[in-house]
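Here are some friendly notes to read with the model open beside you. Take the points in order, and find each residue on the screen as you go.

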Amino acid sequence: MVGSYSLTPDCLAQSYGQRAKECPSPDSQITLVFSQDRPFDLIELEQLLVDVGWSRRPLRRVRKALDNSLLKVGLWRHDPKFPRLVGFARCTGDGVLEATVWDVAVHPLYQGNGLGKELMIYILELLKEMEIKRVTLFADPGVVDFYVGQGWELEPQGNRCCFWYAN
Ligand SMILES: CC(C)(COP(=O)(O)OP(=O)(O)OC[C@H]1O[C@@H](n2cnc3c(N)ncnc32)[C@H](O)[C@@H]1OP(=O)(O)O)[C@@H](O)C(=O)NCCC(=O)NCCS
């Protein structure tokens, strides 16, 4: 993987917030940035999640879910005028002891380049800074090995995890 590091620290902070970080890029022509501060265009965010195969959700509820989340991380393809959202993940939790990761997505055009892994590393670093002790997530069936390959442990014997669905 080739890194592209063309942004000055000032430009990085200005466009993506103080805690933004460049992400190793698979293409030297493309600069990728993780940000937990750059605001999302909800239509762009939902389109990304639809593009990875998920159902569209009412934007009003998505906005509320983001507002109530502990962390929202965007992976942006840098452009001085129009950065594009190419990856996303968010966490809910109490900010102290527990967190749960949701909506991990990398745009199909950017998948298979190690970006999903970098996204998870970035999120876990932020959660570690909060001294959160336990992080959980609910993997889609076809993605379990993506997490296991990064050291996540499967819930023992698959018999302690409970779900309740409203319909
Ligand atoms: C899952 C997802 C985030 C992975 O992103 P990505 O950028 O393609 O993943 P990476 O390139 O960083 O892959 C890292 C490693 O995981 C492996 N991997 C990637 N997707 C995988 C999958 N679905 N199942 C098993 N392993 C997978 C890769 O082969 C790679 O292995 P390596 O380190 O041995 O080379 C992305 O495919 C995606 O957005 N999928 C659709 C949405 C989704 O299912 N999200 C997860 C919901 S729980």
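1. Leaving aside neighbours within four places in sequence, S69 is in contact with R90, C91 and T92. Helices (H or I, at least four residues) and strands (E, at least two) are DSSP runs, numbered from the N terminus.

2. A word on the source. This is a predicted model, in which local features need pLDDT of at least 70 and side-chain atom pairs count only at pLDDT 80 or more, while totals for chains, interfaces and linings use all residues. Residues are numbered from 1 along each chain as its sequence is written.

3. S69 has 18 other C-beta atoms within 10 Å, so it is partly exposed. S69 and A99 are 30 residues apart in sequence, yet 9.9 Å separates them in space, C-alpha to C-alpha.

4. Now for the sheet. Two strands pair if DSSP finds at least two bridges between them. Six strands make an open sheet in the order β1-β2-β3-β4-β5-β6, and the pairing is mixed. At the edges are β1 (21-23) and β6 (134-137), each of which pairs on one side only. From one strand to the next, the twist averages 25°.

5. Follow the pairs one by one. β3 and β4 run antiparallel and are joined by seven bridges; a hairpin of six residues links them. Here W76 stands opposite L85 in β4. Between β4 and β5 there are six bridges, in the antiparallel sense. The bridge partner of G87 in β5 is V106, and R90 stands opposite W102 in β5. The hairpin of β4 and β5 has four residues between the strands, and in it G95 takes a positive phi near 80°.

6. Two residues deserve a look at their backbone angles. Most residues other than glycine have a negative phi. D103, which is not a glycine, has a positive phi of about 55°. D103 belongs to strand β5, and it is partly exposed because 19 other C-beta atoms lie within 10 Å. E131 is not a glycine either, and its phi is positive, at about 65°. E131 lies in the loop between α4 and β6. With 9 other C-beta atoms within 10 Å, E131 is exposed.

7. Next, the core. A nonpolar core is a set of buried Ala, Val, Leu, Ile, Met, Phe, Trp, Tyr and Cys residues joined through C-beta atoms within 7 Å. The largest one here has 27 residues, among which V33, L75, L119 and I123 touch the most other members. Two or more residues each come from α1 (9-16), β2 (32-35), α2 (42-51), β3 (71-77), β4 (84-93), β5 (98-106) and α4 (115-129). α4 gives the largest share, six residues. Not counting residues up to four places away in sequence, I123 touches L71, V73, A89, C91 and V101.

8. Please also find α2, which lies across β4 and β5 and runs at about 90° to β4. Axes are lines fitted to C-alpha atoms, for helices over the stretch in contact, and angles run from 0 to 180 degrees between N-to-C directions.

9. How many residues surround the ligand? There are 18, and the closest are Q111, G116, K117, D145 and F146. A residue is near a molecule or strand if its C-beta atom, placed from the backbone, lies within 6 Å of it. β5, α4 and α5 (144-148) are the elements that give two or more residues to this shell. The shell divides into eight nonpolar, seven polar and three charged residues. Ala, Val, Leu, Ile, Met, Phe, Trp, Tyr, Cys and Pro count as nonpolar, Asp, Glu, Lys and Arg as charged, and the others, Gly among them, as polar.

Terms used: A residue is buried if 20 or more other C-beta atoms lie within 10 Å of its own, exposed if 12 or fewer, and partly exposed in between; C-beta atoms are placed from the backbone. Two residues are in contact if their C-beta atoms, placed from the backbone, lie within 7 Å.
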